[in-house]
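This report covers the metal sites, salt bridges and pockets of one protein model. The sequence and structure come first, and the description follows.

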Amino acid sequence: MMKSGEINYELEKNIEVISQLDGLVGEAVDNILVDPDKCWQPSDFLPDFGDPDIHDQVKLLQQRSEGIPDTVLTSLVGNMITEEALPSYQTYFNLLEGINPERNLLSPSGWVRWSKSWTAEENRHGDLLNKYLYMTGRVDMKAVEQTIHRLLTNGFDPNTGGDPYQAIVYTSFQERATKVSHVNTGKLADIAGDPVLGRICKQIAGDEARHEKAYKSFMSAIFEIDPNGAILAFEKLMRKQIVMPAVLMGEGGSNPSLFTEFSAITQKVGIYTGWDYARIIEHLVDLWKIESLTGLNDVASKAQDYLVKLADRYMRLADRMKAPEEVKLAWLK
Ligand SMILES: [Fe+2]
Ligand SMILES: [Fe+2]
């Protein structure tokens, strides 16, 4: 623990490196994120209530969604609730050290523009899924709204403190994890006979893929400037494990194990599994060439040893983990 008044040299150095990346991050806003006028919007995928045949359109939507298994639908609702807790993620990002030293939301800085534009893109995900799920008529919307309300009330802490390095590893991981979830949900929707939902999930997954690409490139730049610091941050975060964004959805409510039950279902239907967790670690370890980094200091070399073996450990863990026989559904009528 730091004593107050003591200077945290590691954090100060990380903040300095983060400020050096401002130009790169600004370029990502312009090149990887999409202008609001050109970007897809939720209404592109939803019936228009001004259409004279709106009732037929809604009926068709409901018929298509009838075949989606309850487990898949519950997973999708959980993913939607996760997306709807966006205010917590934006707050988290803006609390990171070095992201907005001017404390000005209209700053032209790359990081400040990124924070807003990334959130703005994310905002469409919860919006689209929420409206779609409402229209299926199969979801207990009041229960969903209560969970969103509670999750936002409880907040979110991925245990990265204010360290921007760990946060960028976290977001790289998490954007890939959500991409995987949405891709897998889309496939299951197609199989269940709802190609519109399939397209919706794939479109959202495409956004997550762009965000993932950007966050990974920010971290790659950190690895180039400060390999010792970068690998230490990666190790620290992985030792604490990746906290899922919606983990507090049931905390303090009538069903405190709601999140555990939701994860059991995503595991069972294959939307997000222990293998996915292991494969994401493997992917990031390969991408940032952890195994071949040279010239590291002692602590960083130990972090390297830990990280190169980590994916295998989680893979074996996932092999032993049995999918639950019975799962409890939530949020459905
Ligand atoms: Fe999202
Ligand atoms: Fe995302």
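Which residues lie nearest the centre of the largest pocket? They are Q174, M244, P245, F259 and Y272, from a lining of 39 residues. The model is a predicted one, and the values below are computed from it.

**Pockets**

The largest pocket holds about 860 Å³ of space. Helix α8 (164–191) is among the helices that supply at least two residues each to its lining, and α8 gives the largest share, eight residues. The other helices that each supply at least two residues are α4 (70–84), α5 (86–94), α6 (110–136), α11 (258–269), α12 (274–287) and α13 (298–320). By class, the lining of the largest pocket consists of 22 nonpolar, 13 polar and four charged residues.

The second largest pocket has a volume of about 260 Å³. Its lining has 13 residues, and A143, Q146, T147, R150 and S254 lie nearest the centre. Helix α7 (residues 141–154) contributes the largest share of this lining, five residues. The class counts for the second largest pocket are five nonpolar, seven polar and one charged.

**The two iron ions**

The model contains an iron ion as ligand 1 and an iron ion as ligand 2, and they lie 3.4 Å apart. What links them on the protein side? E122 bridges the iron ion (ligand 2) and the iron ion (ligand 1).

The protein donors of the iron ion (ligand 1) are two OE atoms of E83, an OE atom of E122, ND1 of H125 and an OE atom of E208, at 2.0 to 2.4 Å. Along the chain these donors follow the spacing E-x38-E-x2-H-x82-E. H125 belongs to helix α6 and E208 to helix α9, so this pair ties together parts that are 83 residues apart in sequence. H125 has a relative accessibility of 0% and counts as buried.

E175 is in helix α8 and E208 in helix α9, so the pair ties together parts that are 33 residues apart in sequence. E175, at 5% relative accessibility, counts as buried, and E208 counts as buried at 1%.

**Salt bridges**

The count of salt bridges comes to 16.

| Pair | Distance (N to O) |
|---|---|
| K236 and E10 | 3.1 Å |
| D194 and R64 | 3.7 Å |
| E212 and K179 | 2.9 Å |

The side chains of K236 and E10 meet in a salt bridge. This pair links distant parts of the chain, with K236 in helix α10 (residues 227–240) and E10 in helix α1 (residues 9–20), 226 residues apart. K236 is partly exposed, with a relative accessible area of 31%, and E10 is partly exposed at 32%.

D194 and R64 also meet in a salt bridge. D194 lies in the loop between α8 and α9 (195–225) and R64 in helix α3 (residues 54–65), so the bridge ties together parts that are 130 residues apart in sequence. Are the two partners buried or partly exposed? D194 has a relative accessibility of 0% and counts as buried, whereas R64 counts as partly exposed at 23%. The cut-off for buried is under 20% relative accessible area.

E212 is in helix α9 and K179 in helix α8, 33 residues apart. Both E212 and K179 are buried.

Apart from these pairs, E121, R124, D207 and R210 are linked in a network of salt bridges.

Note on methods:
Residues are numbered from 1 along each chain as its sequence is written. Chains are lettered from A and ligands numbered from 1 in the order in which they are written. This is a predicted model: local features need pLDDT of at least 70, side-chain atom pairs count only at pLDDT 80 or more; totals for chains, interfaces and linings use all residues. Side-chain values use heavy atoms; hydrogens and water are left out. On a 1 Å grid over the protein atoms alone, a cavity is a set of points where a 1.4 Å probe fits but cannot get out, and a pocket is an open set with protein on both sides within 12 Å along at least five of seven lines; lining residues have an atom within 4 Å of a point. Grid points are joined across faces, edges and corners, and a volume is the space filled by probe spheres set on the points. Helices (H or I, at least four residues) and strands (E, at least two) are DSSP runs, numbered from the N terminus. Ala, Val, Leu, Ile, Met, Phe, Trp, Tyr, Cys and Pro count as nonpolar, Asp, Glu, Lys and Arg as charged, and the others, Gly among them, as polar. A salt bridge is a side-chain nitrogen of Lys or Arg within 4 Å of a carboxyl oxygen of Asp or Glu. Buried means under 20% relative accessible area, exposed over 50%, partly exposed in between (1.4 Å probe, protein chains only). Donors are N, O and S atoms within 2.8 Å of the metal (3.2 Å for Na, K and Ca); water is not among the atoms, so sites may look incomplete.
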